[in-house]
Amino acid sequence: MLGLAACAGLEPPAAPSPLPAGPSPLASPAPSSAPGDAPASPEAAAPPATPQGPAAELVRAHSGRPEVALTFHGAGTRALDRKVLEALAHGGAQVTVLAVGTWLAQYPDAAKMVLDLGHELGNHTWSHRTMSRLSVADQRTEIERCRDRIAALTGGPGAFFRQSAAQHATAEQLRLAGAAGYPRVLSYDLDSLDWTDPGPATVCAQLRTATAGSVVSMHLGHQGTLAAIPQILADLDSRACAR
């Protein structure tokens with residue numbers, strides 16, 4: 001069957017070794033902007049990352065395994081986000097949630113919710129600003145502040161970093177992510193368009209264009225995404241059974 005793997009399972013040739021990926025059983029394997037500040041003390045308690053070279057950008061997998069990766073922008077309302085994550089878990093899908101730091105500050109139990117449901121957690125900047133418009137210092141703060149919040153809540157920085165407001169990372173962002181302790185930046189090759197609220201049918205149609213190895217960008221916090229999940233999983237299963 002076409003696997004619904006956590007992104008840690010999508011290993012491109014010569015990729016750096018993965019960071020700890022949380023409780024996903026496949027560990028070997030949206031966009032609302034909220035620039036408000038949160039108390040700094042939890043972040044200050046996190047241990048500093050070991051400096052590294054530039055991160056490698058992962059856009060899709062080339063492992064040859066019949067899997068796609070469903071990845072989610074982590075922001076929204078607590079109740080709706082839980083319903084989305086529960087629907088995925090009940091459907092047998094382990095996904096990667098790239099959390100926005102202000103979401104974790106607003107809902108301190110959100111990180112635990114993600115991990116307890118068997119999903120994976122990563123860093124999607126502190127406040128989801130357009131990174132290309134920020135100074136290098138501000139970009140570094142966006143990455144490191146979210147990293148430190150995740151570390152304070154979970155004991156680690158998360159499995160991946162993903163840039164905000166762009167499909168691909170710049171060379172500068174790869175350098176900053178590596179220095180912040182992330183061997184890999186998780187970009188994507190397929191946009192579900194769920195953040196535009198086009199309706200479940202459009203989201204499902206977008207997912208039907210996914211191929212083995214695709215990394216799909218999706219979003220918590222959207223009712224249409226929740227409505228589309230059963231059909232998305234059924235479509236992936238039917239395609240896998242036809243292989």
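**Ground rules.** I am working with a predicted model, where local features need pLDDT of at least 70, side-chain atom pairs count only at pLDDT 80 or more, and totals for chains, interfaces and linings use all residues. Residues are numbered from 1 along each chain as its sequence is written, and side-chain values use heavy atoms, with hydrogens and water left out.

**Helix H2.** I looked up H2, which has 13 residues (78-90). Helices here are DSSP runs of H or I with at least four residues, strands are E runs of at least two, and both are numbered from the N terminus. The expected span is 1.5 Å times one less than the number of residues.

Next I listed the buried residues of H2: Leu80, Asp81, Val84, Leu85 and Leu88. Buried means under 20% relative accessible area, exposed over 50%, and partly exposed in between (1.4 Å probe, protein chains only). Down the helix axis, these buried residues fall within an arc of 130°, so they line one face of H2. The arc uses directions from the axis to the C-beta atoms. Exposed Ala79 and His90 sit on the face turned away from the buried side. After H2 comes Gly92, with a positive phi near 85°.

**Thr96.** I found Thr96 in strand E4 (residues 96-99). Thr96 is buried, at 0% relative accessibility. Its side chain makes a polar contact with the side chain of Glu120 at 2.6 Å. A polar contact is a pair of N or O atoms within 3.5 Å; within protein, one must be able to donate a hydrogen and the other to accept it, and residues adjacent in sequence count only if both atoms are side-chain atoms.

**Cysteines.** I noted that Cys146 is buried at 0%, and Cys204 is buried at 5%. I found zero disulfides in the structure (a disulfide is a pair of cysteine sulfur atoms within 2.5 Å).
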